[in-house]
Amino acid sequence: MNFDQSHALFRRATAVIPGGIYGHTTPAATIPGAVPYFASEGFGCRYRDIDGHAFIDFMGGYGPMILGYHHPEVEAAAEAARRLGAAFNQPTPLLVELAEKLVARIDFADWAVFGKNGGDLTTWAVQVAREVTARPKILKITGAYHGADAWCTPGHGGLLPEDRAHIHDFPFNNVTALEALFAQHRGQVAGLILTPFHHPAYADSQLPTPEFTAACNRLCREHGALLILDDVRCGFRLSTDGSHTVYGYKPDLAIYCKALANGHPISACVGRAAHKAAASRVFLTGSYWNDPAPMAAALACLDIIARDDIPQKLARTGQRFIDGFLALGIKHGIPLVASGPPAMPYVRVADDPSLLRTQNLCAAAIAHGVFLHPHHNWFISAAMTDADIDEALLKLDTALATLR
Ligand SMILES: Cc1ncc(COP(=O)(O)O)c(C=O)c1O
């Protein structure tokens with residue numbers, strides 16, 4: 001498999017775009033030359049790169065494509081809204097309908113607001129916590145990703161020490177460290193932000209212990225801090241009504257994005273009645289944030305997720321894939337380690353501290369038509385049938401044989 005068109009376009013890109021391709025899709029994170037750099041089209045659980053190669057896609061745009069590319073019902077809903085116009089002077093009724101749907105769906109939610117990206121609203125939620133409490137400190141998990149704003153970006157450029165002056169990290173599942181931070185900053189903590197389970201890049205996923213979720217709930221309550229659940233990546237993938245119900249969190253604010261509208265740009269933050277007045281005082285807007293088409297897509301997507309119990313389907317399909325993939329690892333003498341829920345597994349080669357063997361594994365998978373990322377959790381798509389999984393495993397069987 002060669003990626004000549006991808007490489008040629010990447011050289012053009014480097015002339016006019018800093019880094020050529022930036023952010024999480026940068027080719028710098030994978031083996032140079034072994035992966036496609038540019039996509040052209042996608043249908044269902046498959047997409048093509050600009051060299052014409054087809055892949056069974058286990059990344060789904062890093063999460064958004066929960067139902068698969070070109071889902072007919074979602075696209076029809078978005079198209080119907082788009083035909084009426086875009087980015088009006090006022091919101092359309094879809095804004096209210098979508099807020100009502102989330103409030104009805106999510107047990108603790110009394111209100112909802114909308115942005116475009118996850119980071120728009122994780123940052124806003126942090127401000128809401130500060131507005132509610134009139135306190136500065138935010139506690140977060142070491143290595144967790146919440147977006148590209150200064151308070152949380154994993155990047156290094158352009159930052160000031162002040163940007164993080166009130167952000168304090170602690171390790172996931174570590175109740176003692178969390179208690180210590182609350183004690184050290186008594187009366188100063190506005191909020192605790194965390195993802196439902198810990199899904200860092202370049203490392204195994206960790207599910208929360210029951211003691212940890214209970215401690216998050218209890219300590220936030222005792223100290224008058226808001227519990228902010230960043231459900232951007234997991235939301236509506238693990239359950240139809242928000243991931244807090246899976247693990248027992250009692251959030252004050254929760255942010256959703258990736259699975260909300262099957263690829264259409266929209267994010268949401270929901271919260272409790274007690275914080276509604278404070279939320280209305282934290283300025284929130286963007287040029288395209290009232291665009292109705294993504295709202296129509298979100299309404300359709302949320303309906304399908306509930307109607308077809310998509311989380312249950314993803315879990316079953318994911319388990320089938322993981323079981324098959326781990327068995328292939330044993331067959332080919334390549335021990336694999338899987339972590340995280342089956343709907344969004346993180347898989348690596350065991351005893352691979354440099355992660356090079358995992359990179360080679362994913363490069364071989366890609367060369368055989370299965371798109372896997374070496375350092376990020378994968379995303380099972382509801383468009384994947386058992387036949388798609390079997391085909392992927394057959395291709396991976398051949399791919400792993402080349403690595404022996
Ligand atoms: C858990 C989590 N929070 C926040 C974000 C930021 O979302 P966005 O990239 O849409 O701003 C992401 C993106 O991957 C995420 O996975």
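Analyst: Let's start with a term: buried area is the accessible area, taken with a 1.4 Å probe, that two parts lose on being put together, summed over both. Keep in mind that this is a predicted model.

Now, who is meeting whom? Domain 1 is made of two stretches, 4–70 and 309–401, while domain 2 covers 72–307. Their contact takes 27 residues from domain 1 and 29 residues from domain 2. If you go by the C-alpha centres, the two domains sit 26 Å apart.

Back to that buried area: between domain 1 and domain 2 it comes to about 2,200 Å². Carbon and sulfur atoms give 61% of it.

What about charges? The rule picks out one salt bridge across the interface of domain 1 and domain 2. As for a salt bridge you can look up yourself, Asp204 pairs with Arg348, and their closest N and O atoms are 2.6 Å apart.

Let's zoom in on the side of domain 1 that touches domain 2. Helix H10 (310–331), strand E11 (336–339) and strand E12 (346–349) are the elements that give two or more residues to this side. H10 gives the most, with three residues. Sort this side's residues by type and you get 17 nonpolar, eight polar and two charged.

Definitions and conventions
Residues numbered from 1 in each chain as written. Predicted model: local features only at pLDDT ≥ 70, side-chain atom pairs only at ≥ 80, totals over all residues. Heavy atoms only, no water. Domains from an automatic or database assignment. Contact = heavy atoms within 4.5 Å. Salt bridge = Lys/Arg side-chain N within 4 Å of Asp/Glu carboxyl O. Helix = DSSP H or I, 4+ residues; strand = E, 2+ residues; numbered from the N terminus. Nonpolar A, V, L, I, M, F, W, Y, C, P; charged D, E, K, R; others polar.
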